[in-house]
Amino acid sequence: MSLAAGFFAGAAGLLAHVADILTCYSARPELEELFHGPGDILDFHKASTMMAKKNMWELAAGHVLALIFIPSGFAGTCLLFKALRHRYLWLRWPLVVLLFSFYVAGALMHCSFTFVGLVASAPERGHVLPPGLGDDLKPFFEIICRLVGELAMLPGCIFTFVLLACGMTQLPRWTALFTPGPLQLAVAVVAPYMPLAVRMYMLVTIYNLSSGIWHLTMAMAYWRGGFEKEPSKE
């Protein structure tokens, strides 16, 4: 059951990254000077420019996929629940609360992108926006995205890395390298040097893609390691 939940959470992360592509991805030449690091997609005006050419079906499909599969990543908590060593079982419920908040906040963040995308692409569909609407939406979007993308996710990234790196679970310590924190850090370092198409793919998908990679890595390590079903007594 816990192993299946781990693989399911990994698949959910990959499908959530498809939602990111549908909602946000663009590699139009005018984006070359605007996007260099993960923080750039959290800027209202840059995000609006990025999604200005999105059509309705992309935004709708991305929204539906995100609402289904971003929260589904929480299923991976079942595997961590099982994999915790006996002396660290007291961490189970703090872990549940942290990861639940992590995935609910991620879904909220994606919804804010959908909302901005609808507004930014409205002129392409022949609609005239009320003057000043962008100025009203900017603080709404940026407060949510910066709270979630830069602040709220940080404790979760640190906690999961320490949990695995310090051997608090039965999983190999090297799996800590595939937690969301190191993967997102790697993108922040590498993305500015990538061609625009690759860079934009990395920037818009890394939050959910890193979750999928993490859960698949843990599930594969748990499966191949043949760990017992009950928590270790070590």
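**Stop 1: a residue in a helix**

Start by selecting N208, which sits in helix α8; helices here are DSSP runs of H or I with at least four residues, strands are E runs of at least two, and both are numbered from the N terminus. Before going further, note that this is a predicted model, in which local features need pLDDT of at least 70 and side-chain atom pairs count only at pLDDT 80 or more, while totals for chains, interfaces and linings use all residues. Residues are numbered from 1 along each chain as its sequence is written, and side-chain values use heavy atoms, with hydrogens and water left out.

Is N208 buried or exposed? With a relative accessibility of 13%, N208 counts as buried (under 20% relative accessible area; exposed is over 50%, partly exposed in between, with a 1.4 Å probe and protein chains only). Now show what N208 touches: leaving aside residues up to four places away in sequence, the partners are G13, A16, H17, D20 and I70 (contact means heavy atoms within 4.5 Å).

**Stop 2: the largest cavity**

Stay with N208, as this residue is among those closest to the centre of the largest cavity, together with D20, I70, G106 and Y207. The space there is about 240 Å³. A cavity is a set of points on a 1 Å grid over the protein atoms alone where a 1.4 Å probe fits but cannot get out, and lining residues have an atom within 4 Å of a point. Grid points are joined across faces, edges and corners, and a volume is the space filled by probe spheres set on the points.

**Stop 3: α3 against α5**

Select helix α3 (residues 56-72) and helix α5 (residues 92-120), whose axes lie 9 Å apart at an angle of about 175 degrees. Axes are lines fitted to C-alpha atoms over the stretch in contact, and angles run from 0 to 180 degrees between N-to-C directions. The two helices are therefore roughly antiparallel (over 145 degrees). Residues making the contact include H63 and I70 of α3 and G106 and H110 of α5.

**Stop 4: the second largest cavity**

Finally, pick L99, F102, G156, C157, T160, P180 and W214, which line the second largest cavity. About 30 Å³ of space lies inside, and α6 gives the largest share of this lining, three residues.

Conventions:
Parallel < 35°, antiparallel > 145°, perpendicular 65-115°, else oblique. 1 Å grid on protein atoms, 1.4 Å probe; cavity = no way out; pocket = protein on both sides within 12 Å on 5 of 7 lines; lining within 4 Å.
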